[in-house]
Amino acid sequence: MSLSKIENQGSSTKNTDAISDREIFELSGPLHLTTIDWNNPDHRRSVAACLVQGVYIIERDRQENRQLAEALAPPWWQSFNFDLHSQLIDDADSCIFGAIYKSKNQPSESTPTYIIAFRGTLTKGNAFSRDLELDIHIIKNGLHLTSRFEIAIQAVRNLVSGQPSKSNIWLTGHSLGSAMALLAGKKMAKSGVFLDSYLFNPPFFSAPLENIKDQNIKHGIRIASSFLTAGLAVAAQIKNANQQRNKMPEDSFLALTGWVPCLYVNPADHICSEYIGYFEHRKKMEEIGAGGIEKLATQHSISGVFLNAIGKESHEPLHLLPSASLTINLTPAVDFKDAHGIHQWWVRDQKLETRVYS
């Protein structure tokens with residue numbers, strides 16, 4: 001969409017006031033990316049983030065009835081030579097929560113053929129109540145039980161089954177959408193299919209230990225938590241030796257080892273910042289000779305093993321991962337909205353630090 005068309009909408013549509021600059025690619029997109037080097041991790045991250053933004057704007061276009069020339073979404077994928085292959089629609093409220101993009105680029109080992117993207121929570125329009133309901137399911141570790149996830153994983157499986165090369169299919173998402181992509185990626189990895197995954201501000205709900213400034217206190221709490229979790233896990237395994245129904249089997253966790261999703265987090269975003277401590281603590285436990293305990297603790301959550309021990313049903317928390325490439329945005333955030341936003345992941349000259357854990 002051209003800027004002249006945007007300016008002229010004031011006289012042609014009643015929804016102009018609802019348009020934010022951040023919805024318009026020409027005003028807030030990565031215009032510096034005139035050519036894409038698919039071997040460049042910054043380019044890969046930026047494109048993946050833009051395609052997630054595309055899903056947000058597809059849904060906003062639907063809500064505001066912006067069609068054809070008035071639609072704001074297409075530049076978010078067309079600028080990188082992608083077509084919109086299909087949309088993923090929630091059966092509960094008919095909102096668009098995901099999209100599958102197909103590349104028009106020449107196929108190669110580094111170029112994705114398809115990118116499956118999931119948006120996060122929208123606070124505008126009629127999608128909010130359904131999105132909030134799914135956010136609560138994440139807190140309760142029940143996202144996998146929702147119809148939206150069933151639609152998502154079926155779309156992923158259908159696409160994977162029809163492609164000879166699984167390495168050219170990417171998963172990506174932001175916030176709620178990154179939880180959706182993470183869960184889909186874990187499901188596929190457990191079946192032996194490792195999909196490149198780019199997960200922006202993935203939710204990790206726990207006590208906000210990363211907010212504790214005293215490093216000794218923070219590490220002390222994490223160490224105590226690891227010993228408690230490992231102890232409860234051993235007790236639960238002994239009690240439930242013949243009951244595998246509610247326990248995450250060790251071989252299931254280890255099946256994820258070869259899958260290394262890319263996680264993008266901001267320390268000022270309490271929704272995802274705990275991933276920093278989660279992975280860094282594992283490294284510190286190995287350094288003090290407690291790697292075995294931490295290896296066991298990493299496969300469980302305190303609440304999960306406790307519920308299993310008393311015979312209650314529990315579900316595997318999303319954040320349990322053996323491996324990841326963790327990118328931290330160390331650029332000072334203006335506020336929480338800035339720290340949690342998708343836009344930070346395609347902005348130039350950010351202070352990013354990447355750590356690989358396996």
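Rings of Phe, Tyr and Trp pair if their centres lie within 6.5 Å. The exercises below use this cut-off on a predicted model.

**Exercise 1.** Classify the aromatic pair of F204 and Y275.

*Solution.* Start with the whole structure: a search finds 17 aromatic pairs. In the pair of F204 and Y275, the centres are 4.9 Å apart and the planes make 85 degrees. Planes over 60 degrees apart count as edge-to-face. The pair is therefore edge-to-face. Next, place the residues. F204 sits in the loop between β5 and α8, and Y275 in helix α10, so the pair ties together parts 71 residues apart in sequence. Both F204 and Y275 are buried.

**Exercise 2.** Classify the pair of F279 and Y357, and state which elements it links.

*Solution.* The centres of F279 and Y357 are 5.1 Å apart, with 20 degrees between the planes. Planes under 30 degrees apart count as stacked. This pair is therefore stacked. F279 belongs to helix α10 and Y357 to strand β8, 78 residues apart. Now check burial, which means under 20% relative accessible area. F279 has 0%, so F279 is buried. Y357 has 10%, so Y357 is buried too. Finally, widen the view: ring pairs link F204, Y275, Y278, F279 and Y357 into a cluster.

**Exercise 3.** Describe the strands that pair with β7, and the cover on its two faces.

*Solution.* Take β6 first. β6 and β7 pair in the parallel sense over four bridges. V265 has I328 in β7 as its bridge partner. Then take β8. Six bridges join β7 to β8, and these strands run antiparallel. Here N329 stands opposite L352. Last, inspect the faces. A324, L326 and I328 are buried on one side; S325, T327 and N329 are buried on the other.

Conventions. Residues numbered from 1 in each chain as written. Predicted model: local features only at pLDDT ≥ 70, side-chain atom pairs only at ≥ 80, totals over all residues. Heavy atoms only, no water. Buried < 20%, exposed > 50% of the residue type's maximum accessible area, 1.4 Å probe, protein only. Pairing = 2+ DSSP bridges. Phe/Tyr/Trp six-rings, centres within 6.5 Å; stacked < 30°, edge-to-face > 60°.
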